[in-house]
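The following questions and answers are meant for a reader who meets this structure for the first time. Please look at the sequence and the model before reading on.

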Amino acid sequence: MQDESGKAALGSPAEVSATTAQVGAENLVDLNGHTVTQNGQNSTTTPAPQPQFDSRAQSPAPCTPAPIIPREQWGGKYEFLLSCIGYCVGLGNVWRFPYLCYRNGGGVFLIPYFIMLFVTGVPLFLMELSLGQYGAAGPITVWKCCPLLKGIGIGMLCVSILVCLYYNVIIAWTFYYLGSSLQSPLPWSCDAVANVGLCGNGTTGNSSTGKGLSPTEKFWNERVLGVVLSEGLHDPGPVRWPLALCLLAAWVIIFLCMLKGIRSSGKVVYVTATFPYFVLIVLIIRGATLEGSLQGIAFYLTPDWSRLANAQVWNDAASQVFYSLGIGVGGLLSMASYNKFDNNVIRDTLIITTGNCSTSFFAGFAIFSILGHMAWKKGVPVEKVADTGPGLAFVAYPEALALLPGSVFWSILFFLMLFMLGIDTLFGNMEGITTAVLDEFPHLRANPLHKSLFLGALCFCFYLMGLLLVTNGGIYWFTLIDSFSTSFGLIIITLFMCIGISFFYGVNQFCQDIIDMIRHCPPWCTKVLLYFKACWVFCTPFLLLFILTYIFIEMYRTSLKYGSYVYPLWGKALGVCMGATCCLQIPIWAIVAISKETGTLKERFQKSIRPLNSWRVNNLDSTARVEEHMEAERVEGPFTVTLTDMDFTAMTWEEGSQA
């Protein structure tokens, strides 16, 4: 189904010129049946060939496109790698992976995890990086390669918006705990005067529920969240202003770090991406010296082989791979779009995915050694002291830290690590949003002031919307968005991305594009691509369908809960609508793309899956052609293949193309 004009490999500038010249000679008649001249005007008669190609000599001065600021690139190789590692290594590596390990049979969980990683995670990771790097465009504009699937990019944008909306609330909680850690004793420890009654009498707790609470639970539910003052989703209550100030500080930091684009955020990751590893090493060393730490490690790694027959284990493994690698939300694609064209994307994929998964496994030792000490000190099994989600990071961990000698120091270190992890992940999500918008509206990128105003307005809007999540009942809304923003909608988006690239754009063409980028591709590279090709065509779509089916079955059978609160049916329906809004962008924009074309339905479909002529414009990665290189301008009618003046100018037609 490929347009022959899209199959030329990119080599030297001379080869590019010759290729584009040949393509130009073959495509004088556009796909809507009109003859196109060099200046983009339709003509009913066949013009003389000479005037068509001598565009630069004949084009009047007023028609010269306005100069556009070149697209940014990473300041160095390590900036990209650290940014991707920081984006992938997030809070989920600290609280979610260890929890899933012991909930699903300990060490045996690693078997389905690594199978899902190598069959779905790594192939989709490589697909996103390659697509972004080759197209040198954001999640929306990059679908010039197949205009029918532009809805995938818009769906990614919707998912990123939902994730950014709630993710920075976690950073606000981290700020709150970080500020509280400056007190001695810690306000959630038994040494605090306010908690003497709680530690002395386990039955003393919250009077409104009658349930006994530990000091950490009381601090989390009453001081931080205020959830005891809310009846549920329908009763958010007033904004908790200490948290609102923390949320404002978090967004201000994000704005300042991203103000200069990847030039500023690329420098920040040298600290934010490496500091968590330093903290994890320190926590592992400290945890190994604690009494009972081996009990926690044994619980973490002891396998329960019978759990492999449970479909829930495989679904959890797949969801963790998606959650930790950040696939399908546009962040990876956007960051890769700032790479040099000849960057070895396969090598980067192997480095980043290996580093991310090793960090998840590594973090488990740090966490469970401390939880083992906590279980030993309290005289209870390890499973009784560990929880999931925010409860693990903000209840179990603070309680464990409060039991350590020098608890104030360890608490500051731990929550500073969580802050760094959260900031890096949010960088990637925000980069996906800003890159998508700036590529669609290049005049924002051309004007630094307008770009700064856009970023400031975006952060401020996110802050205003996030205020709902820092009310008394905000945790209920947080859980709702968290549960459905990256649920079935994300799986559907990645499934269509995999199918679209494999069967519409063409898996052979895509592999050739990767080889073109690597240029001097060693033999092992081509052999590895055979494996990825098999995954993209067969294995990955099959497993994604399995995950999707299981998600729908579980969604129908189980109720959404937070603690003892069961979400009402309208709340669950609202969450389903969030996920549906993301994936419905695919058919909506596919219909728009087909409607823009002419001819029969089959002809419209075939035209809408062909790459636009400007698809490879951004790949002219040669300093000798900077003068001729045009920014990746969009065709005015994004879903019509009618060629415009910008297409001909961007493709740099040469006189030799007359032949």
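Questions on the predicted model

Q: What is the mean pLDDT of the chain?
A: The model is a predicted one, and pLDDT expresses the predictor's confidence in each residue from 0 to 100. In this chain, 78% of the residues reach 70 or more. The mean pLDDT of the chain is 78.

Q: Over residues 201-211, how many contacts beyond four places in sequence does the model have?
A: pLDDT stays under 50 over residues 1-68, a stretch with 99 contacts beyond four places in sequence. It also stays under 50 over residues 201-211. For residues 201-211, the number of such contacts in the model is 15.

Q: What percentage of the residues in the chain is buried?
A: The chain contains 27 helices and four strands. A residue is called buried when its relative accessible area is under 20%. Of the 659 residues in the chain, the buried share is 60%.

Q: Among contacts between residues at least 6 apart in sequence, what percentage joins residues at least 24 apart?
A: A contact here means heavy atoms within 4.5 Å. Among contacts in the chain between residues at least 6 apart in sequence, the share that joins residues at least 24 apart is 82%.

Q: Is serine 230 buried or exposed?
A: Serine 230 is placed in the loop between helix H9 (215-225) and helix H10 (241-258). With its neighbours within four places in sequence left aside, it is in contact with Asp235, Pro236, Asn472, Gly473 and Tyr476. Its relative accessibility is 8%, and serine 230 therefore counts as buried.

Q: Which residue has its backbone oxygen 3.3 Å from a polar atom of the side chain of serine 230?
A: A polar contact requires a pair of N or O atoms within 3.5 Å. The side chain of serine 230 has a polar atom 3.3 Å from a backbone oxygen, and that oxygen belongs to glycine 232.

Q: Which residue follows H14?
A: The buried residues of H14 include Val313, Phe322 and Leu325. The residue after the helix has a positive phi, near 70 degrees, and is glycine 326.

Q: How many aromatic pairs are there, and is the pair of tyrosine 177 and phenylalanine 219 stacked or edge-to-face?
A: The count of aromatic pairs comes to 43. The ring centres of tyrosine 177 and phenylalanine 219 are 5.3 Å apart, with planes at 70 degrees. Tyrosine 177 belongs to helix H7 (residues 150-180) and phenylalanine 219 to helix H9, so the pair ties together parts 42 residues apart in sequence. Planes over 60 degrees apart are required for this class, so the pair is edge-to-face.

Q: How are the rings of phenylalanine 394 and phenylalanine 415 arranged, stacked or edge-to-face?
A: Their centres are 6.2 Å apart and their planes stand at 15 degrees. Phenylalanine 394 lies in helix H17 (residues 390-402) and phenylalanine 415 in helix H18 (residues 407-440), so the pair ties together parts that are 21 residues apart in sequence. Both residues are buried. With planes under 30 degrees apart as the criterion, the pair is stacked.

Q: What distance separates the C-alpha atoms of alanine 393 and isoleucine 170?
A: Alanine 393 is in helix H17, and at 0% relative accessibility it counts as buried. Isoleucine 170 is 223 residues away along the chain, and the C-alpha separation is 9.9 Å.

Terms used. Residues are numbered from 1 along each chain as its sequence is written. This is a predicted model: local features need pLDDT of at least 70, side-chain atom pairs count only at pLDDT 80 or more; totals for chains, interfaces and linings use all residues. Side-chain values use heavy atoms; hydrogens and water are left out. Helices (H or I, at least four residues) and strands (E, at least two) are DSSP runs, numbered from the N terminus. Buried means under 20% relative accessible area, exposed over 50%, partly exposed in between (1.4 Å probe, protein chains only). A polar contact is a pair of N or O atoms within 3.5 Å; within protein, one must be able to donate a hydrogen and the other to accept it, and residues adjacent in sequence count only if both atoms are side-chain atoms. Rings of Phe, Tyr and Trp (its six-membered ring) pair if their centres lie within 6.5 Å; planes under 30 degrees apart count as stacked, over 60 as edge-to-face and the rest as tilted.
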